[in-house]
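Walk through this fold with the coordinates open.

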Amino acid sequence: MAANNVNVVLAHGAWADGSSWARVITALKSEGVNVVAAPLPLTSLADDVAALDRSLARVEGPTVLVGHAYAGAVIAETRSKQVKALVYVTALAPDEGEKVADVFYRVAPHPNAPKLAPDNHGLIWLPDDAFKNAFAPHASAEDLAVLSAVQRPISPACITVPVKRPLWKDVPSWFLVAEDDRMILPETQRFMAERMKAKVRAHAVDHTPIVTAPAVVVDIIREAIRSVAG
């Protein structure tokens, strides 16, 4: 199978939207890869999985599914037979019966990590200064301005429900460990990757390498594509 016959579906994390994948999308598209960025509503884990499944239904054939941050939980909940590999980009990977919050708060947070709480509408927003201090400290001023402006809040219903048997138990997975992550500590990432038996690729990148180090992200996705293509 040719590598360009393998689809890539991307899932964004909390406080982001599909535009966060822009540089990854253009790089893969330039190589002839069919890429779709799934728009997640971030209203509940079930809603996000349903949205992901709708995006998977838009493509035909074998697919590499890529999740950033919170979306690691989402990509593991699909039951689509198209998915042949998973790529975790500094992502959360709860095991069966765990909640996203269980792994996110597994260890004491980084000193620069923001304090998170729902607003009057029951939604969790990221404070503006957290984009520079924790979410994407390696980003340019221009990128930080965009990330802050387009952020989407996340509902507690996304992170407080137990997950089902995760797909990473049944298909091969890759894990990009971000050594400079201030949102999900590298220690937590390595713990999750090890129990997943994922192929680990570690780099000195921040929590949002899809924006600040897209070439690193594209490399690991290429690796998964080649594996699926055989």
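Helix α7 (residues 186–196) lies across β4, β5 and β6. Its direction is about 165 degrees to β5. Contact here means heavy atoms within 4.5 Å. Axes are lines fitted to C-alpha atoms, for helices over the stretch in contact, and angles run from 0 to 180 degrees between N-to-C directions. Helices (H or I, at least four residues) and strands (E, at least two) are DSSP runs, numbered from the N terminus.

This is a predicted model: local features need pLDDT of at least 70, side-chain atom pairs count only at pLDDT 80 or more, and totals for chains, interfaces and linings use all residues. Residues are numbered from 1 along each chain as its sequence is written, and side-chain values use heavy atoms, with hydrogens and water left out.

Now take the sheet. Its 6 strands follow the order β2-β1-β3-β4-β5-β6. The sheet is open and its pairing is parallel. The edges belong to β2 (35–38) and β6 (199–203); each has a single partner strand, so one side of each has no neighbour in the sheet. On average, neighbouring strands are turned by 20 degrees against each other, direction ignored. Strands count as paired if DSSP finds at least two bridges between them. In general, strands of a sheet pair through backbone hydrogen bonds, either parallel or antiparallel. Look at β4 (residues 83–89) and β5 (residues 173–178): they pair in the parallel sense over 4 bridges. V87 has W174 in β5 as its bridge partner.

Next, the loops. D206 sits in the loop between β6 and α8 (209–212). Which side chain of opposite charge is nearest to D206? It is R182, 8.1 Å away. D206 is buried yet has no salt bridge. Buried means under 20% relative accessible area, exposed over 50%, and partly exposed in between (1.4 Å probe, protein chains only). For charge, Lys and Arg count as positive and Asp and Glu as negative; His and the chain ends are not counted. A salt bridge is a side-chain nitrogen of Lys or Arg within 4 Å of a carboxyl oxygen of Asp or Glu.

What D206 does have is polar contacts with backbone nitrogens. A polar atom of its side chain lies 2.9 Å from the backbone nitrogen of H138. The side chain of D206 also reaches the backbone nitrogen of T208 at 2.9 Å. A polar contact is a pair of N or O atoms within 3.5 Å; within protein, one must be able to donate a hydrogen and the other to accept it, and residues adjacent in sequence count only if both atoms are side-chain atoms. Leaving out residues up to four places away in sequence, D206 touches A136, P137, H138, A139, A178, D180, D181 and T212.

H110 is in the loop between α4 (100–104) and α5 (128–135). It is partly exposed, with a relative accessible area of 24%. A polar atom of the H110 side chain lies 2.9 Å from the backbone nitrogen of N112. H110 touches R182 and L185, not counting residues up to four places away in sequence.

Two residues other than glycine have positive phi. L42 has phi near 60 degrees and lies in the loop between β2 and α2 (45–56). L42 counts as buried because its relative accessibility is 1%. A69 has a phi of about 60 degrees and lies in the loop between β3 (63–68) and α3 (71–75). At 6% relative accessibility, A69 is buried.

Finally, the charged pairs. The count comes to 8 salt bridges. One of them joins D143 and R23, with the closest N and O atoms 3.0 Å apart. D143 lies in helix α6 (residues 141–150) and R23 in helix α1 (residues 22–29), so the pair ties together parts that are 120 residues apart in sequence. D143 is buried at 17% relative accessibility, whereas R23 is partly exposed at 38%.

R222 and E31 form another salt bridge, at 2.6 Å between the closest N and O atoms. R222 is in helix α9 (residues 214–229) and E31 in the loop between α1 and β2, 191 residues apart.

E179 and R190 meet at 2.3 Å, N to O. E179 is in the loop between β5 and α7, and R190 is in helix α7, 11 residues apart. Salt bridges that share partners join E31, D219 and R222 into one network.
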